[in-house]
Structures are given as C-alpha cells and as structure tokens.
Amino acid sequence: MKTILSPVAVTGNASALAADAGGRPRVFAVTHASALDIPVLYVYLPFQFRIVFKSELLSYPFIGWHLKRSGQVCINQQNPSASIGAIKSALRSLRSGMPLVIFPEGGRTPNGEIQPFLPGAFFLAIKAQAEIVPIALAGTFELLPMNTYHIKSRPLEMRVGGVISTAGMTLAETEAVSARVKAAIEDLAGQPSLGG
C-alpha cells in the first residue's frame, strides 16, 4: 500500500472495526471495484479475518498465492457443490469468532457502479446469526479499474456503515437482508469524498 502512494482514510462507524465485537460473529460486506481492494482490507481492517473469494482469483500472481496459503474461503461459482466443504469450514470459523469478509456483488464491478448483490452471499451471516458491517471502498475503481495494470495514485476512503443484525432471522429472509445491506452500501458509496 505504501508503494502505490494512495493514503486511505477510514470514515463512518469506526467502532464497528473494534477487535472485540462482544463475542458476536461478524461479516463485513464490502464493495468490489479493484484488484487492490483486498490489499486495502488487509492493511485497514485491524484484526485477523477470512475472505470469501471466487476460484478464478487463484490464477492471479501474488494475491492468488496469498489467498490460497492463508486459508481463505474459496468458492467455485461454476460448481457450487464443489464448495460445500469450504462453506462448512467458513461457518465453523465464523461461529468461533473469526470475522468474515464477503463481496456481495460476486466479483469486481466493470464500470465503477455497484452491481446487483447475490443473496447467497448472506447465507453464512444468517446461519451464524452474525452481525453484518457494510463497507464501501471509495476511489479504488479509479485507482485500478478492471483490465488494466496502470495504477493512478489517489486518496482512498474506507467508509464503514452501521451494524446490521441477523439475530432471529431465517434463511427465508436472505433476500431482505441482502436488500438492506445493499441500500446501506449504496448510501455509503454515494457520500461526497473527503476531498470534495
């Protein structure tokens, strides 16, 4: 992150990033606009966590290697049944208190706009009765959009929203939870940047 000369300001509900969530499992739902989103999260989320990522990322140099070696949760979107073991492992980890990061859009946005959410991304949150923390990463699309390796250094923001509880919810409410988180993230993404 130091080499790309793009300082990150953490704004909004910073208390949601406290290392201790009172023993409650937490899922962080994050926008995904750039290959550099994951390094931003590694630096600015101040605790250990696991990421749910699609298997295509395993082919990326450095990032793919790190995701595999560090025990992140690999999902095969073309063959979901092949991911059952990873999902069960992620659920056990989440219930034991390990925070989980998900990208509800299912992949990077090709145009900088927030894409439709995949309701299944919230399956784990509801199963674990976890709190969901919405996060919008502002400026990462302009920093490094898809299909380019040319980094355009700029200030970035990690905008943290209010905690959304899934306590008492069932899987029948997955789409409602998805819609609520999407609305929260769209609100965060639409806020004016610190630089004006």
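I will take a helix, then another helix, then the cavity and a pocket.

A caveat before that: this is a predicted model, and every value I quote is computed from it.

Start with helix α6, residues 174-189. How far apart should the ends of α6 be? At 1.5 Å a residue, its 16 residues should span 22 Å, and the end C-alpha atoms are 22 Å apart, which agrees.

Now, which residues of α6 are buried? They are Thr-174, Val-177, Ser-178, Val-181, Ile-185 and Leu-188. Looking down the axis of α6, these buried residues fall within an arc of 100°, so they line one face of the helix.

What covers the buried residues of α6? The cover includes the strands β2 (26-30), β6 (131-138), β7 (156-160) and β8 (164-165), along with helix α4 (123-127).

Leaving out residues up to four places away in sequence, Ser-178 touches Phe-117, Pro-119 and Phe-122.

The next helix is α1, residues 37-44. Here Asp-37, Ile-38, Val-40 and Leu-41 are buried. They cover an arc of only 160° around the axis, which puts them on the same side of α1.

Ile-38 comes up again in the cavity. The structure holds 1 cavity of 30 Å³ or more, and the largest cavity has a volume of about 60 Å³. Its lining is made of His-32, Ser-34, Ala-35, Ile-38, Leu-57, Tyr-60, Ile-63 and Arg-108. By class, that lining divides into 5 nonpolar, 2 polar and 1 charged.

Last, the second largest pocket, with a volume of about 480 Å³. It is lined by 26 residues, and the closest to its centre are Leu-137, Ala-138, Gly-139, Thr-140 and Glu-142. Which elements give two or more residues to this lining? They are β6, α5 (140-143) and β7. The lining of this pocket splits into 12 nonpolar, 8 polar and 6 charged residues.

Conventions. Residues numbered from 1 in each chain as written. Predicted model: local features only at pLDDT ≥ 70, side-chain atom pairs only at ≥ 80, totals over all residues. Heavy atoms only, no water. 1 Å grid on protein atoms, 1.4 Å probe; cavity = no way out; pocket = protein on both sides within 12 Å on 5 of 7 lines; lining within 4 Å. Points joined across faces, edges and corners; volume = space filled by probe spheres on them. Nonpolar A, V, L, I, M, F, W, Y, C, P; charged D, E, K, R; others polar. Helix = DSSP H or I, 4+ residues; strand = E, 2+ residues; numbered from the N terminus. Contact = heavy atoms within 4.5 Å. Expected span 1.5 Å × (residues − 1). Buried < 20%, exposed > 50% of the residue type's maximum accessible area, 1.4 Å probe, protein only. Arc of directions from axis to C-beta.
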